[in-house]
Amino acid sequence: MSTDLFCEIIAGERPAFVVHSDEVAVSFLDARPVFKGHVLVVPRIHVETLMDLADVGPFFERVKLVAGAVEEGLEAAGTFVAINNRISQSVPHLHAHVVPRNRKDGLRGFFWPRTKYDSDEEARSYADRITTAIATAS
């Protein structure tokens, strides 16, 4: 078993603002979001890349669920969903980025400016809104 940052979050050994968790994946706010409400969807089993995941269907069902919840819960016009495989992958554990998008939000290509939450309370409010949208979609 790996001991990467995401495995620690999955095991409950490291805090995170979790928006959804089930037997397939854990979804939580990115600590350095492109835009506030940026969620990472991580498979519970440790795999490094998408090619290492034997059954991608259930994982992408969770990515789809979170993408819809980010739009609904944050009233975003859309989402940007991305996966890095090795290159630009800061944690060697498969994860999908679900980034809320709005017209003229400043995101240009793949140059992702990063921001911070003003407080844990602000981060929790974003997580709660997405969690509520997941609950109503399920």
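**Salt bridges and helix packing**

Modeller: In this predicted model, Arg-124 and Asp-128 form a salt bridge, with 3.3 Å between the closest N and O atoms. Both residues belong to helix H3, where they lie four residues apart, about one turn of the helix.

Biologist: Which parts of the chain does the salt bridge between Arg-62 and Asp-22 link?

Modeller: This pair, with its closest N and O atoms 2.7 Å apart, links distant parts of the chain: Arg-62 is in helix H2, and Asp-22 is in the loop between strands E1 and E2, 40 residues apart. Arg-62 counts as buried because its relative accessibility, 12%, is under 20%. Asp-22 is also buried, at 17%. A network of salt bridges links Asp-22, Glu-23, Glu-61 and Arg-62.

Biologist: How many salt bridges does a search of the whole structure find?

Modeller: The search finds eight. One of them joins Lys-36 to Asp-118, at 3.8 Å from N to O.

Biologist: How is the packing of two helices described?

Modeller: The description uses the angle between the helix axes and the distance between those axes. Here, H2 (residues 56-74) packs with H3 (residues 120-137) at about 115°, the axes being 8 Å apart. The crossing is right-handed. Among the residues making the contact are Leu-65 and Val-66 of H2 and Ile-130 and Ala-133 of H3. The contact residues comprise ten nonpolar, one polar and two charged.

Technical notes. Residues numbered from 1 in each chain as written. Predicted model: local features only at pLDDT ≥ 70, side-chain atom pairs only at ≥ 80, totals over all residues. Heavy atoms only, no water. Axes fitted to C-alpha atoms, helices over the stretch in contact; angles between N-to-C directions. Helix = DSSP H or I, 4+ residues; strand = E, 2+ residues; numbered from the N terminus. Left-handed = near helix turned anticlockwise from the far one by under 90°. Contact = heavy atoms within 4.5 Å. Nonpolar A, V, L, I, M, F, W, Y, C, P; charged D, E, K, R; others polar. Salt bridge = Lys/Arg side-chain N within 4 Å of Asp/Glu carboxyl O. Buried < 20%, exposed > 50% of the residue type's maximum accessible area, 1.4 Å probe, protein only.
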